[in-house]
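Hi everyone, thanks for making time this morning. I'd like to walk you through one model, so let me put it on the screen.

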Amino acid sequence: MKIPKNLLYTREHEWIRVEEDKGYMGITDFAQDHLGDIVFVEIPELDSETGAGEAIAVIESVKAVSSVYSPVSGTILEVNEELEESPELLNEEPYENYIAVVSIDNAEELKQLMPADEYESFCKEQD
Amino acid sequence: MLLKQTDLFAMHQKYGGKMVDFGGWDLPIQYEGILKEHHMVRKKAGLFDVSHMGEIEIKGEKAEEYVQYLLSNNIKKMAQYQVQYNIMCYPDGGVVDDLIVYKYSPEHYFLVVNAANTDKDYKWIMENAFPGLEIKNLSDDYVQMAVQGPKAQEILQKLTEDDLDSIKFFWFKPELNLSGVNCIASRTGYTGEDGFEIYLSPEKAAFLWEEILQAGGEDICPIGLGARDTLRFEAKLPLYGQEIDKDISPLEAKLGFFVKLDNDDFIGKEALLAQKEGSMSRIQVEFEMLGKGIPRSHYDVEKNGNNIGWVTSGAYAPSLDKKIGLALINRQYSQAGEEIDVVIRNKRIKARVAEGIFYKKKTGSK
């Protein structure tokens, strides 16, 4: 299972890649593997405000419906519309295909997220 | 509660099955992935462990008469070694279970019922039984496997001297020798593809499982419950608890073909006749999503903001590449072309009632 070192992780299995005052976010390899074949993504609403831990998107695999939570509070600056047509991209390359770009309004929140090594042990406990 | 394991549990572990609690049974939801498994069955072949299904035997002089009284289809019309799909109803027309019946003789029938309903069914069959019948729940005595897909026959033929062409659709052979293992084999299934269902004694199960996979090579793989559901749904085969239930009659679920109201008396007939002659208020429809979203079982269906029913089954149909569903709705909105709303996460998403949009079954040609 892939866990890139340069990302931060949530307990709900989202990743965020911080670039100055905004973050690219998506779901982890662990998440896509447990969801199974993803067949539908309800992408976040552009320009909407979100709190940290708030549901911003929905992913449906063949067998289940799951929410995606924002790792930080901020505004949805960009959404990955490609996922509407090709939801399977999240299975194929979960770290290459972001779901949304969120503004980082409060950088303190990033301290609540896990670095890669911590997330790796967290995943081991979950399995 | 401790989960029940089938006699193929070690095989599921060996082949990397992701195990889940399925109505008290520890069974694989998938091996390599639901979509991949789905397409394998449609294009080549798949092997299923369906040992959790129940088997009930009815024997005795009055067996034919009783089975006819118990079930909705025309039992008396069955020939020896024929198989028939049936509905078992309550007196009010609700459904106890749907099942398939194997006829050995007018004194001997073999019923295959849904796993979760086995105990309930056995009790119901005992309660209504005519005197002098011998009724046994043989569920623990049989392992059931299904081999489904266009290559199913070719693969199984490698394991037997018997000509599988001789088993026609919805017929069975009471003693088929597969790799030296004595099996009951029928040309039946729950996928919409050609294929066989096989019953055998538990101690030979793992051996035959391996034999079948080896005979099929690249053309076969084990299939989990996830793909079993997408396959059956896409072929519009009903699932107990969704399309039919104690509160949904077979007529409402459009299974009237299997309910012979002009035939002998059976439990539920009077209520179903009244339903047919009166005005049925609800009916099952096919629908296709127009808006974004996947319909799922139990989602509400609305028209102009008013609830008109619910989705019984819905999914992304992999072979059709469409988001479709079955819904039980007020009859007045059941015409093809009617626009309805499916309520997905508190949002009304447009859908359209349709006809004939499901996968065209490849069964019945043999």
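Let me start with a question: over how many bridges do strand S6 (residues 55–61) of chain A and S7(A) pair? They pair over five bridges, in the antiparallel sense. Helices (H or I, at least four residues) and strands (E, at least two) are DSSP runs, numbered from the N terminus.

Before I go on, some housekeeping. This is a predicted model, where local features need pLDDT of at least 70, side-chain atom pairs count only at pLDDT 80 or more, and totals for chains, interfaces and linings use all residues. Residues are numbered from 1 along each chain as its sequence is written, while chains are lettered from A and ligands numbered from 1 in the order in which they are written. As for pLDDT, that is the predictor's confidence in each residue, from 0 to 100. Chain B has a mean pLDDT of 97, with 99% of its residues at 70 or more. For the complex, the predictor gives an ipTM of 0.85 and a pTM of 0.94.

Back to chain A. The strands we began with belong to an open sheet of three strands, in the order S4-S6-S7 (chain A), with antiparallel pairing. Strand S4 (38–42) and strand S7 (65–69) of chain A are the edges, each with a single partner strand, so one side of each has no neighbour in the sheet.

Now to chain B, where an open sheet of five strands runs S5-S6-S7-S4-S8, again with antiparallel pairing. The twist from one strand to the next averages 25 degrees; angles run from 0 to 180 degrees between N-to-C directions, with axes as lines fitted to C-alpha atoms, for helices over the stretch in contact. Within this sheet, strand S6 (residues 95–105) and strand S7 (residues 108–113) of chain B are joined by six bridges, and Leu99(B) has Val113(B) as its bridge partner in S7(B). Helix H4 (residues 118–127) of chain B packs on the sheet and touches S4, S5, S6, S7 and S8 of chain B, its direction making about 15 degrees with that of S4(B).

Next, strand S12 (residues 195–200) of chain B: is it enclosed or open? Six of its six residues are buried, so S12(B) is largely enclosed by the rest of the structure. Buried here means 20 or more other C-beta atoms within 10 Å of a residue's own, with exposed being 12 or fewer and partly exposed in between; C-beta atoms are placed from the backbone. Gly195(B), Glu197(B) and Tyr199(B) point one way, and Phe196(B), Ile198(B) and Leu200(B) the other. Six bridges tie S12(B) to strand S9 (residues 143–148) of chain B, and three tie S12(B) to strand S11 (residues 181–186) of chain B. Ser186(B) stands opposite Glu197(B).

Finally, where do the chains meet? The contact takes 12 residues from chain B and nine from chain A, contact meaning C-beta atoms, placed from the backbone, within 7 Å. On chain B, strand S2 (25–30), helix H2 (34–43) and helix H7 (225–234) each give two or more residues to that side. Thanks, and I'm happy to go back to any view!

Methods
Contact = placed C-beta atoms within 7 Å. Pairing = 2+ DSSP bridges.
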